[in-house]
Amino acid sequence: MKPKFLPQFGRYAVAVTAAVVSFFPILWIAMIALKERTDAFAIPPVWFFNPVWEHFAKAWTTSGFSGAFLNSVLVCAIGNVLAFAIGIPAAYLLNQRRTPGRKAILVWLLISYMLPEFLFVIPVYVLYQAIGLYDTVIGLALVYQIFTLPFTIWLVRAFFADVPAALAEAARLEGATTAQIIWKIYVPIAAPGLAATAILNAIKMWNELAIALALTFDRAQTVTLAVAGFRGYASIDWGAMAAASIIVILPMAFFAILAQRHIVQGLSLGSVK
Amino acid sequence: MQRKAFSPYWLLVPALTVLALNTFYPVIYSVCLAFTDWNWGKTSNFVGVKNFISVLTKPQYRGAFLNTLVFATSAVVIETMLGLGLALAINGITRGAGLIRTILLLPLMVSGIAVSLVWKVLLDPTQGVINYFLSLVGIQGPAWLGTVPTAMPSIVMIDTWWQTAFTFIILSSALKGLPAEPFEAARLEGASAWQTFRHITLPMLKPVLITVIIFRTVDTLKVFDIIFGTTGGGPMRATEVVQTLAYQTAFKFHRFGESAAISVVFSVIILGLCLAYLRLDTEEGDAS
């Protein structure tokens, strides 16, 4: 029996209040995106209305927006492929306690994850200008490894720790190579954890602003920057801006609903282990 | 021999290479840059510690560091306490817990820039729905993001809405993982809810709490998106923080040397905090 700090009714009151506070701002923007221009900011607010979709159409066809959306999808995909290709073998090795320098490498990962963006953005900016990676999707996916790779290694290592070592020992005795052990035993067993890691990586890269702001201009602009662009217009089109915000929120909200349990597990594991 | 076969070190080579390229090159470059007056022109002169003196003495720069500290401290304290409170309250719920958790998770999925736009609309002094709600109970709402006294508290509030889910989720998982026996013993001895919390729950949660606090501290110190997206550092620099300052100094005024000095000083502060955290963590006894 855990202690009861609140009666059951109180718990539900807190839960419902928290849910309303969390959800209302998003709901409100969704409503503005679906309202006629005249209703959007009416005081008192218009609560019931016939939804119109023209703001979404306008946001999507705004110059560069759909291209930026595609760029973000590509950055998330490439960034994740890189992080897993490089991170899974490293995580396997760092999961084994006898690996020399294990602790130092883990601390190094943590430091890399915690560096402030503008410390590394200027040198990378200069380098990218020189070698032609400035304003490219690949360049962005590469520089995102500064936080994606440590996070992936850290988390995958924690998921690998739950794989029974006896399985690997048995496979080893039957002559399996390290690569086979990783791909045939560890990866399948830890698959839900890997999926959670990929989703958390995607959320971070999808939402990233500071680095994208400095390292892209036009061709590789991400969807976050495209949304930011709506602030800059002389007369702000609030309907289109609200619609653009909803478009950028939707894919990640979809992930949150789809994989809530795994995301929660991934986040907790990353902090507890 | 056997041992060697078990640790194929080359598996680490790609990761260490990328990590080295991504950390050593930029860090060394930035440190060198911080001692120059480079402004994206052809020449770049060594100026000694001039930039560092500017960082430490210019009122504008000191103001940004101070604002960052104020923001991080308030946001971390509020988010940790709120997240812990929510975790304690909601963990006992049986029905609809999954749905509640999913809804609470939503703000965390939203990009900082979308968060900014959402709250700019909500907090608009004349057309915003927050001030409309306040007017219903007879309160004249302020221009939240537009006046010096309310701007920073508004940013803290926005961050609280955005990030409390993080502290809530982790503390809630940690609470679920606590063993039941100590609570049972406390109940048998007739401990009050507060005593149980103070002497059993809190000490057992301490390692996770430290982790949560350090993650939130680093994250809030590095705050950029929600300030860039709402106030841009205004009004009258009331919300200017280190990262917006470093960004503007480099990419608006092209004083790359000074910007690098700002980031170097800032990194040293963050690194110091991380090391302090690692010490705290190992003092706990079992370093995993």
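The legends below describe close-up views of a predicted model.

**View 1. Chain A as a helical chain.** Chain A contains 15 helices and 0 strands. Its C-alpha trace spans about 75 × 65 × 30 Å along the principal axes. Of the 273 residues in chain A, 48% count as buried. Among contacts in chain A with a separation of 6 or more, 79% join residues 24 or more positions apart.

**View 2. The contact between chain A and chain B.** Chain A contributes 78 residues to the contact, and chain B contributes 84 residues. On the side of chain A that touches chain B, helix 1 (residues 8–34) of chain A supplies the largest share, with 13 residues. The residues on this side of chain A comprise 59 nonpolar, 13 polar and 6 charged.

**View 3. The largest nonpolar core.** This core holds 173 residues, of which A:Val121, A:Leu215, A:Val227 and A:Ala244 touch the most other members. Helix 4 (residues 65–94) of chain A gives the most to the core, namely 14 residues. At least three residues of the core come from each of domain 1 (1–52) and domain 2 (62–272) of chain A.

**View 4. The surroundings of A:Val227.** Leaving aside residues up to four places away in sequence, A:Val227 touches A:Ala244, A:Ser245 and A:Val248 in chain A, together with B:Ile113, B:Ala114 and B:Leu117 in chain B.

**View 5. Helix 6 of chain B.** Helix 6 (residues 112–122) of chain B is mostly covered, with 11 of its 11 residues buried. Among these buried residues are B:Ile113, B:Ala114 and B:Leu117, which A:Val227 touches. The buried residues of this helix also include B:Trp119 and B:Lys120.

Terms used: Residues are numbered from 1 along each chain as its sequence is written. Chains are lettered from A and ligands numbered from 1 in the order in which they are written. This is a predicted model: local features need pLDDT of at least 70, side-chain atom pairs count only at pLDDT 80 or more; totals for chains, interfaces and linings use all residues. A residue is buried if 20 or more other C-beta atoms lie within 10 Å of its own, exposed if 12 or fewer, and partly exposed in between; C-beta atoms are placed from the backbone. Helices (H or I, at least four residues) and strands (E, at least two) are DSSP runs, numbered from the N terminus. Two residues are in contact if their C-beta atoms, placed from the backbone, lie within 7 Å. Ala, Val, Leu, Ile, Met, Phe, Trp, Tyr, Cys and Pro count as nonpolar, Asp, Glu, Lys and Arg as charged, and the others, Gly among them, as polar. A nonpolar core is a set of buried Ala, Val, Leu, Ile, Met, Phe, Trp, Tyr and Cys residues joined through C-beta atoms within 7 Å. Domain bounds come from an automatic or database domain assignment.
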